[in-house]
Amino acid sequence: MKRVAFVFKSAPHGSAAGREGLDALLATSALTEDVGVFFVGDGVLQLLPGQRPGLILGRDYIATFRVLPLYDIDQCYLCAASVRERGLPIDSAWILDVQPLEPDALGEMLHKFDVVLTF
């Protein structure tokens, strides 16, 4: 079975990309156990607690990322540089247990996957 990586690079507000990616991620997890999740750029904002995107455009799915461990998805990575660029502390109370990686290490990890889907 191929290793599949999901890269979230869009902010949670103003776009359905995060929701569509999450739907694809959960569906793929039923087909393969080797799934990785990467949050880069504005995608790191997907993991901030206390957001209410449902008030904007009716997209209330951020808390759903919390269910990833229930689907045995535990390879979750966060771009440390993206976090710093947005003025956030790396040790924030993210809604998901993620491993922060510097860009070079994140790129190396991403290259271990056969398929990369970006949202």
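Where do Arg 19 and Asp 23 lie, and how many residues apart are they? Both are in helix α1, 4 residues apart, which is about one turn of the helix. This is a predicted model, so please take what follows as a description of a prediction.

Staying with that pair, the side chains of Arg 19 and Asp 23 form a salt bridge, 2.7 Å from N to O. Arg 19 is partly exposed at 32% relative accessible area, and Asp 23 is partly exposed too, at 36%.

In total, the model has 5 salt bridges.

Next, Asp 34 and Arg 3. Their closest N and O atoms are 2.5 Å apart, and they form a salt bridge. Asp 34 sits in the loop between α1 (17–29) and β2, while Arg 3 is in the segment before β1 (4–8), so this pair ties together parts that are 31 residues apart in sequence. Asp 34 is partly exposed, with a relative accessibility of 25%.

Then there is a network: salt bridges link Asp 42, Glu 85 and Arg 86. Within this group, the side chains of Arg 86 and Glu 85 meet at 3.4 Å, N to O. Glu 85 is exposed, at 63% relative accessible area, whereas Arg 86 is partly exposed, at 28%.

Last, a backbone item. Asp 72 has a phi near 60°, a positive value in a residue other than glycine. Asp 72 is found in the loop between β2 (35–39) and β3 (75–79), and is exposed, with 64% relative accessible area.

Methods:
Residues are numbered from 1 along each chain as its sequence is written. This is a predicted model: local features need pLDDT of at least 70, side-chain atom pairs count only at pLDDT 80 or more; totals for chains, interfaces and linings use all residues. Side-chain values use heavy atoms; hydrogens and water are left out. Helices (H or I, at least four residues) and strands (E, at least two) are DSSP runs, numbered from the N terminus. Buried means under 20% relative accessible area, exposed over 50%, partly exposed in between (1.4 Å probe, protein chains only). A salt bridge is a side-chain nitrogen of Lys or Arg within 4 Å of a carboxyl oxygen of Asp or Glu.
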